[in-house]
Amino acid sequence: MRKLLRFLIQNHFIILFLLLESFSLFLLFSTNPYQKFAFYRFSHGIINHISTRISNLEDYLFLYRENKELLEENTKLYNQLASSYSGTTAKTADRLIQGSTDKYLYVSARIINNTVNNQYNYITINKGSRDLIEPEMAVICNDGIVGYTKAVSMNFTIVLPALNLDFIVSGKIKKNGYYGPVSWNGLNANIMTLVDIPHHVALNRGDTIITSGYGGIFPEGYLIGTVQDFRLKGGNYFEIDLTLSPDFRKLENVQVIRYHAKQELDSLQNSIRDD
Amino acid sequence: MIKAVQKYLLLFLILIAAQLLAFDNIEFSGYINPYVYILFVLLLPFEIPRALLLLLAFALGLIIDLFLGTPGVHSSATVLMAFMRPVILVVFAPQDGYQKGTNPRIACYGLEWFVKYAATLVIIHHFTLFYLEVLSLDHFINTLLRILASAAFTLLILVLSQFLVFRK
């Protein structure tokens with residue numbers, strides 16, 4: 001016993017190191033992406049308060065009111081856009097079910113925290129469930145897609161942006177309609193990758209890639225980026241590098257898209273999967 | 001003694017705040033992410049009990065992890081770095097050893113000594129950190145470049161801070 005005790009005291013430095021290091025590694029490897037996310041959300045409850053204040057100060061410097069007016073104007077226009085209305089028959093059905101004629105509702109929000117230099121980046125915006133935001137809604141800016149909402153509290157929402165290794169969206173080549181998954185490989189804050197495009201498809205640098213509308217989160221037709229480079233992978237499929245359209249380093253204002261019939265669509269699709 | 005504890009506590013808090021509010025927002029071309037909070041571990045006195053050194057490093061890493069949402073990444077890197085510190089201090093010890101009442105700073109042991117000491121530990125820290133963050137060897141060379149660029153920038157800030165902020 002005394003020997004053991006002496007051993008422990010003599011080697012306490014190494015033992016303590018092994019304990020702390022294995023605890024850290026345990027934390028790292030035992031947390032799944034969702035728990036990591038919960039961790040992030042917890043800590044950001046604390047930072048959000050500070051961020052909002054700093055952001056408010058920045059607003060003062062950058063003409064908050066004018067900005068806000070423009071933004072609201074923009075939202076109003078978006079909501080009036082023809083594509084926000086469904087056809088006449090659907091309109092009646094929508095009205096019966098949702099009590100609303102609009103297919104999509106745009107909610108404008110401001111970014112209060114944004115990272116671009118990690119592998120798993122997140123964006124925090126200043127609107128939450130109080131403004132009808134729910135998880136898995138598309139988030140866009142004037143230049144194209146930003147990401148989708150991940151976790152919502154009353155006044156804040158955390159967005160999983162395109163610059164996150166977990167992000168995936170279905171994109172299609174605008175000129176010919178071929179589609180495939182678009183994701184980020186973590187290397188460059190401007191480049192996304194589109195895969196699964198068959199080798200016979202004619203491609204050019206500068207081709208536009210837009211959202212395909214599959215997957216249920218992003219409506220069809222929002223800009224993702226333009227083709228920068230492409231190569232054959234495994235002989236049959238192209239791997240395409242896209243220049244991401246929005247510059248994530250200077251994002252300020254975004255629009256969250258609420259799709260009224262999403263729940264209906266999801267439950268219909270899930271009903272088949274469950275069988 | 002109490003004064004010294006207060007001083008290091010203040011340094012601890014300032015470095016965490018600086019890391020989260022300023023340095024985390026720096027990004028050049030996706031390659032450079034400086035992590036200057038480790039200056040705390042570098043500046044702790046020579047005589048500090050080694051167990052306390054590890055515990056402080058762990059606490060520091062864990063707090064940074066908590067705020068960045070990366071459980072375990074920063075704490076493992078910082079603990080490993082603190083574990084290596086006594087060895088590195090012996091390796092780079094001046095001929096007549098470290099004098100009583102001095103600190104591991106440029107003011108006491110000169111620029112060359114500090115750069116050797118800090119660079120080794122910064123590289124150990126960044127190397128662990130970046131590879132644990134990506135958790136794959138897929139982009140080995142790319143990650144290596146990010147490590148070297150970030151480590152160089154971190155080192156530059158650590159050295160400058162010695163001249164500008166922590167002169168005494």
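Two strands pair if DSSP finds at least two bridges between them. Helices (H or I, at least four residues) and strands (E, at least two) are DSSP runs, numbered from the N terminus. This is a predicted model: local features need pLDDT of at least 70, side-chain atom pairs count only at pLDDT 80 or more, and totals for chains, interfaces and linings use all residues. Residues are numbered from 1 along each chain as its sequence is written, chains are lettered from A and ligands numbered from 1 in the order in which they are written, and side-chain values use heavy atoms, with hydrogens and water left out.

**Strand β6 of chain A**

- β6(A) pairs with β7(A), residues 179-183, in the antiparallel sense over 5 bridges.
- V169(A) has V182(A) as its bridge partner in β7(A).
- β6(A) and β7(A) form a hairpin with 5 residues between them. In the turn, G177(A) has a positive phi of about 85°.
- β6(A) also pairs with β9(A), residues 208-211, in the antiparallel sense over 3 bridges.
- There, I173(A) has I209(A) as its bridge partner.

**Chain B overall**

- Chain B has 6 helices and 0 strands. Its pattern along the sequence is α-α-α-α-α-α.
- Of its 168 residues, 55% count as buried.
- Take the contacts (heavy atoms within 4.5 Å) in chain B with a separation of 6 or more. Residues 24 or more positions apart account for 68% of them.

**Helices α3 and α4 of chain B**

- The axes of α3(B), residues 50-68, and α4(B), residues 73-91, come within 7 Å and cross at roughly 160°. Axes are lines fitted to C-alpha atoms, for helices over the stretch in contact, and angles run from 0 to 180 degrees between N-to-C directions.
- α3(B) and α4(B) are therefore roughly antiparallel (over 145 degrees; under 35 is roughly parallel, 65 to 115 roughly perpendicular, the rest oblique).
- The contact includes L53(B) and F58(B) of α3(B), and V79(B) and F83(B) of α4(B).
- By class, this contact has 13 nonpolar, 4 polar and 3 charged residues. Ala, Val, Leu, Ile, Met, Phe, Trp, Tyr, Cys and Pro count as nonpolar, Asp, Glu, Lys and Arg as charged, and the others, Gly among them, as polar.

**Helices α5 and α6 of chain B**

- α5(B), residues 106-134, and α6(B), residues 140-164, pack at an angle of about 145°, with their axes 8 Å apart.
- The crossing of α5(B) and α6(B) is right-handed.
- Their contact has 20 nonpolar, 5 polar and 2 charged residues.

Definitions and conventions. Buried means under 20% relative accessible area, exposed over 50%, partly exposed in between (1.4 Å probe, protein chains only). A crossing is left-handed if the near helix is turned anticlockwise from the far one by less than a right angle, and right-handed if clockwise.
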